[in-house]
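Try each task before you turn to its solution.

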Amino acid sequence: MRKTCINHVYKLAKRDPRVVFIGSDLGPGLLDEMKQEMPSRWFMEGVSEQHCVGMAAGLALEGFVPYFNTIATFITRRCFEQVAVDLCLHDLPVRLIANGGGLVYAPLGPTHLAIEDIAIMRALPNMTIFCAADADEMTRFMDASLDWPHPIYIRLAKGGDPVISTDAHGFKIGKAITHREPSEITFITNGIMVGRCLAAANYLKVEGIEAGVINMHTVKPLDEVSVLNAADASSLIVTVEEHIRSGGLGTAVAECIADNDCETPVCRLGLPDKFPEDYGSQDHLLSQAGLTPENIAEQARTRLGNTIKRIV
Amino acid sequence: MNDSLQQHTIKAASKIALDNRSKALRRLVVQALDGGGRGHIGSSMSLIEILRILYDDVLTYRAHEPNWDGRDRFILSKGHGCLAQYVLLADKGFFDVAELEKFCRAGSFLGGHPEAAKVPGVEASTGALGHGLPIAVGMALAARIKGVKNRVFVVTGDGEMDEGSNWEAMMSAVKHKLDNLVLAIDYNKIQSYGPTSEVLDLEPLMDKLTAFGFSTLQINGHDKIAIRSAFNNLPKAPGKPTAVLCHTIKGKGISFAEGDPTWHHKSRVAPNVIAAMYEELSHA
């Protein structure tokens, strides 16, 4: 997915002279073709992320569309003020390509785990937040990103996951994709959790519980119409995210439901409010947090049972 | 770095007498301070001659077409010194002088830190320190990509140079050989808490700027001829960004505010104190 995203910057740059690429201190050979072909629009700036965001703002103020790539935690934690003031206050079309959203960097430990990145970005006016489900969706998003007039936080998930999005779904920033129609339970999710929720829905079906799956790839601006339609059609909304339970997608969905006087219960699944203590793989840490398809199905079923009992 | 030259320049800054235009501009600062009931008075007064020369003699711009493509870009990175910039922008006709009295008030477009979306002639919203120089590097690169000749000027404070992002941006400016970029530092030697030499010493600042690869010079930041000479005939060295270290006096022109950190920012200034300021700034 990361490769798809970065290579697409070069494609966009060939198409549009406003596009520039800025990297911090990334891997050797990154976007070499772009560097050779359009050296004035390719920058590798070193381990100076605060400067990079400001420089991107300066370029955007002059009409360029900069795509800045570094690790997610460095954008969200280290550069928060630059993102808030330089990008969001000026409402500039800078794209922040964030490597290692969620638990991708599991072996590298908590300094590199972006578990609260969406909460941080969601707090900023004018910010758009996108979490791709797979490489194909990333391609569709990148085409749509070119003329979006606001800053965008692009959260990269793990590469090589099964592709579950299709052209038939179409793509529009801020418009959720329904993979399975809202039903008794409806999962609202994004990133690689979409695939896991589809699998969880299959487990539930075997037990006679119908479950819908909505891919909320854009966390901000939230597609409130899709959330409310799903809530109206369901006995239980289950949000599933590779992110701490506070401040991210689940919170956004719960806020939407509360603000619209909707009474459908919301079950928020995600990471606990603590820094992960173990290493290993992304899958391993997700399992520890109960985010396997089986566990997601189990938690949804239990909560649905409680909800029905309460109503009866 | 020649220490005796630096000491001489610092002394000269304190001795220089203000001409009528410098006094008139400072009276407008007092007018805004009085209107808004607050302001970074010391930080603005040290800037007046630097901004006056930039807007009078150096920058290319069109006051009635503030977004004209061919303009030089100017960023006041020490956004808290905005009273000085507002006064120059009003003086040049970017907006009506009467707006100054609404400084910081509800409904005004002149806030305690300048906002690009609101104030004609303000390129970037500043106030959080250490942001202007990275943005300026981006603007200078933009000019290069487009192949246009406009220049980018940034003024930072001295306390502001504590921020690491400035030094990141300086390395980048030198790497990219941005000789269309000029950094001026308002070196009044007093930050909010007290002397920069005590809070976080910047010395040897000229050596640091030079070591980072800038073409450097230091001047008396209240001496019009020296400022004009520093900002004319740019770049000083082809392929290098320029840094001008401007030795200034915090609160310059108001004897009882000069060099006093308590005048970094003032609110609720009593009418008799305002009157005393006007008196000191009256025409010769």
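Angles under 35 degrees between axes count as roughly parallel, and angles over 145 degrees as roughly antiparallel. The model used in these exercises is predicted.

**Exercise 1. Two helices of chain B**

Task: Work out how helix 6 of chain B and helix 7 of chain B are oriented to each other, and describe their contact.

Solution: 
1. Helix 6 of chain B covers residues 132–146 and helix 7 of chain B covers residues 164–175; their axes come within 8 Å and cross at roughly 20 degrees.
2. That angle is under 35 degrees, and the two helices are therefore roughly parallel to each other.
3. The crossing of helix 6 of chain B and helix 7 of chain B is left-handed.
4. Helix 6 of chain B contributes Leu133(B), Pro134(B) and Val137(B) to the contact, while helix 7 of chain B contributes Ser165(B), Asn166(B), Ala169(B), Ser172(B) and Ala173(B).
5. Sorted by type, the residues of this contact are 5 nonpolar, 3 polar and no charged.

**Exercise 2. Ile254(B)**

Task: Locate Ile254(B) and decide whether Ile254(B) is buried or exposed.

Solution: 
1. Ile254(B) sits in the loop between strand 6 (242–247) and strand 7 (266–267) of chain B.
2. The cut-off for a buried residue is 20 or more other C-beta atoms within 10 Å. Ile254(B) has 22 C-beta neighbours inside 10 Å, so Ile254(B) counts as buried.
3. Leaving out residues up to four places away in sequence, Ile254(B) touches Met45(B), Met277(B) and Glu280(B).
4. Between the C-alpha atoms of Ile254(B) and Ala276(B), which are 22 residues apart along the chain, the separation is 8.7 Å.

**Exercise 3. Positive phi values**

Solution: 
1. Asp91(A) is not a glycine, yet its phi is positive, about 50 degrees. Lys189(B), also a residue other than glycine, has a positive phi near 70 degrees.
2. With 14 other C-beta atoms within 10 Å, Asp91(A) is partly exposed, whereas Lys189(B), with 21, is buried.

**Exercise 4. The overall form of chain A**

Task: How does the radius of gyration of chain A stand against that of a compact globule?

Solution: 
1. For 312 residues, a compact globule would have a radius of gyration near 20 Å.
2. Chain A has 19 Å, which agrees.
3. Buried residues account for 54% of the 312 residues in chain A.

Conventions
Residues numbered from 1 in each chain as written. Chains lettered and ligands numbered in written order. Predicted model: local features only at pLDDT ≥ 70, side-chain atom pairs only at ≥ 80, totals over all residues. Axes fitted to C-alpha atoms, helices over the stretch in contact; angles between N-to-C directions. Helix = DSSP H or I, 4+ residues; strand = E, 2+ residues; numbered from the N terminus. Parallel < 35°, antiparallel > 145°, perpendicular 65-115°, else oblique. Left-handed = near helix turned anticlockwise from the far one by under 90°. Contact = placed C-beta atoms within 7 Å. Nonpolar A, V, L, I, M, F, W, Y, C, P; charged D, E, K, R; others polar. Buried ≥ 20, exposed ≤ 12 C-beta atoms within 10 Å, placed from the backbone. Rg over C-alpha atoms; globule rule 2.2 N^0.38 Å.
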